[in-house]
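Please read the following report alongside the sequence and the coordinates. It treats helix packing, then individual residues.

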Amino acid sequence: MASPLPEISPAAHPIAYLTDVEGLWEKLASFCRDNPHVSLDGGRLVVRPGATFVYGGDALDRGPDGRRVVRTLLNAWREFPTQVVLLAGNRDINKLRLVRELNGHPLARTPEDMRRAPRPVLLRWIFANTMGARGAFEFRHAELAREDSAVSEEDVVDSFLEDLAPGGVLRDYLTACQLAHRIGNTLFVHGGVREESLGFVPARGRVEGVDAWREALNGWYAGQLAAFAEGRLEGGVPDWEPLIAYQAPIPGQRVNPASVVYGRMADANNHPGLPSPGLIATLADAGIHRLVVGHTPSGDCPSVLREGRFELILADNSYGRVERASRVFLRDDSVCVEGDVVLEDGRHEQVRFQLALEDTSTPIGRQVLDTGHLVKGPLVGSGDWLLFRALPGFRVEQLAQAPSALAGRPLGSARAV
């Protein structure tokens with residue numbers, strides 16, 4: 001029989017964090033179910049008094065509820081403007097491209113036959129080949145068909161453009177978003193923070209001071225959205241083109257280290273890794289001891305990496321083996337993580353723990369040096385440790401190991417190569 005879940009005080013964790021729902025309503029619904037801080041009242045997202053809800057980005061693309069998710073998050077921000085924080089993800093920002101690409105200005109690498117193709121054909125090609133969103137067209141068609149069974153493929157195209165028109169739900173959502181947000185000693189971004197991105201603001205260069213940089217970066221983002229709203233062009237080139245480049249990988253690569261949207265806190269296999277000691281020290285000098293990100297899939301439940309008094313939390317579980325969302329609750333001095341996992345042997349288990357920032361007695365957040373497995377947390381049912389490793393081909397390995405077997409094994413800091 002599984003042991004009972006440990007008691008966790010709701011009042012001790014005023015920040016509830018979720019990321020990378022990607023159009024799957026069940027992810028949002030399961031996050032809110034029995035959540036002490038955030039709930040769904042019908043289709044209305046409610047944040048309890050005194051709590052903060054942070055959404056880490058990527059609301060669209062991989063499920064048939066993208067519009068519904070965006071609208072729900074936006075309405076929550078409007079109703080609880082001081083309690084809801086929205087971060088812009090690459091899957092959200094890249095839709096700005098559609099206004100031009102579907103109106104006679106396709107990317108240079110678009111094949112000639114696609115340039116002449118009907119709009120639905122072109123949009124499918126864009127999603128599959130330049131946005132990493134294969135199936136997004138069909139997902140939107142399914143979402144629209146729930147309201148009107150006679151919806152056409154042209155209606156699908158129009159819906160994406162309507163979302164970005166004045167008063168459109170995605171335009172308003174992006175306007176409500178930020179690129180970086182700080183609460184206490186915790187910094188939130190969608191993708192990651194690296195030496196190349198910390199302090200860098202496009203068109204401005206380096207900005208000294210973590211908070212000054214964060215404010216300048218968010219100001220630049222707001223200016224880019226204003227340029228989009230006004231349709232400003234310079235020599236036929238959109239004035240918001242720098243934002244399109246910022247949210248995308250460098251051509252020929254999978255990352256953009258200078259971007260907090262498309263940077264990654266992981267290696268080439270998506271195995272999570274801490275920032276460099278120098279970057280950790282720079283953040284600590286600014287009073288930041290925790291970095292929370294999404295964007296890079298990290299198995300079934302969040303990954304917490306630790307070194308001294310610094311924590312990195314990766315909470316994108318969009319490619320996990322379970323449908324239910326994981327949950328992260330935060331305050332300055334502790335983190336609470338809970339989620340479901342499926343092990344390599346097929347067992348379904350739960351991970352749940354509360355960890356004080358000052359607690360260095362636990363192996364959670366450390367890496368087993370001889371195998372590279374990250375110690376993710378305790379399994380509720382067995383008391384074993386969950387070990388996680390990302391493998392080539394974007395596969396993951398999730399194993400249970402008894403505390404006695406982990407004792408004595410060499411542990412160290414997890415750093416991406």
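## Basis of the model

This is a predicted model, in which local features need pLDDT of at least 70 and side-chain atom pairs count only at pLDDT 80 or more, while totals for chains, interfaces and linings use all residues. Residues are numbered from 1 along each chain as its sequence is written, and side-chain values use heavy atoms, with hydrogens and water left out.

Helices (H or I, at least four residues) and strands (E, at least two) are DSSP runs, numbered from the N terminus.

Helix α9 is mostly covered, six of its eight residues being buried, where buried means under 20% relative accessible area, exposed over 50%, and partly exposed in between (1.4 Å probe, protein chains only). The buried residues are Val169, Leu170, Arg171, Tyr173, Leu174 and Ala176. The elements that cover them include β4 (52-55), α2, β5 (84-86), α3 (90-93), α8 (153-164) and α10 (210-230).

Helix α2 (residues 66-79) packs on helix α9 (residues 169-176) at an angle of about 50 degrees, with the axes 10 Å apart; axes are lines fitted to C-alpha atoms, for helices over the stretch in contact, and angles run from 0 to 180 degrees between N-to-C directions. That angle makes α2 oblique to α9, given that angles under 35 degrees count as roughly parallel, over 145 as roughly antiparallel, 65 to 115 as roughly perpendicular and the rest as oblique. The crossing of α2 past α9 is left-handed, a term used if the near helix is turned anticlockwise from the far one by less than a right angle, with right-handed used if clockwise. On the α2 side, Val70, Arg71, Leu73, Leu74, Trp77 and Arg78 meet Val169, Leu170, Asp172, Tyr173 and Ala176 of α9, contact meaning heavy atoms within 4.5 Å. The residues of this contact of α2 with α9 comprise eight nonpolar, no polar and three charged, where Ala, Val, Leu, Ile, Met, Phe, Trp, Tyr, Cys and Pro count as nonpolar, Asp, Glu, Lys and Arg as charged, and the others, Gly among them, as polar.

The axes of α9 and α10 are likewise 10 Å apart, and the two helices pack at an angle of about 155 degrees, so α9 and α10 are roughly antiparallel to each other. Their crossing is left-handed. Arg171, Leu174 and Thr175 in α9 meet Tyr221, Leu225, Phe228 and Ala229 in α10, and by class the contact of α9 with α10 has five nonpolar, one polar and one charged residues.

## Packing of α7 against α8

Helix α7 (residues 136-145) and α8 have axes that come within 10 Å and cross at roughly 95 degrees, and the two helices are therefore roughly perpendicular to each other. From α7, Ala136, Phe137, Arg140, His141 and Leu144 meet Glu153, Asp155, Val156, Val157, Ser159, Phe160 and Asp163 in α8. The contact of α7 with α8 divides by class into six nonpolar, two polar and four charged residues.

## Glu338 and its arginine partners

Glu338 is found in strand β16 (residues 334-342) and is buried, with a relative accessible area of 7%. Its side chain makes polar contacts with the side chains of Arg327, at 2.5 Å, and Arg352, at 2.9 Å. A polar contact is a pair of N or O atoms within 3.5 Å; within protein, one must be able to donate a hydrogen and the other to accept it, and residues adjacent in sequence count only if both atoms are side-chain atoms. Not counting residues up to four places away in sequence, Glu338 touches Arg324, Ser326, Arg327, Phe329, Val351 and Arg352.

## Loop residues

Most residues other than glycine have a negative phi. Asp61, which is not a glycine, has a positive phi of about 100 degrees; Asp61 is found in the loop between β4 and α2 and is buried, with a relative accessible area of 6%. Ala203, in the loop between β8 (200-201) and β9 (205-206), has a positive phi near 70 degrees and counts as exposed at 88% relative accessibility.

Asp239 lies in the loop between β11 (237-238) and α11 (241-246) and is partly exposed, with a relative accessible area of 24%. Leaving aside neighbours within four places in sequence, Asp239 is in contact with Gln224, Ala227, Arg232, Leu233 and Glu234.
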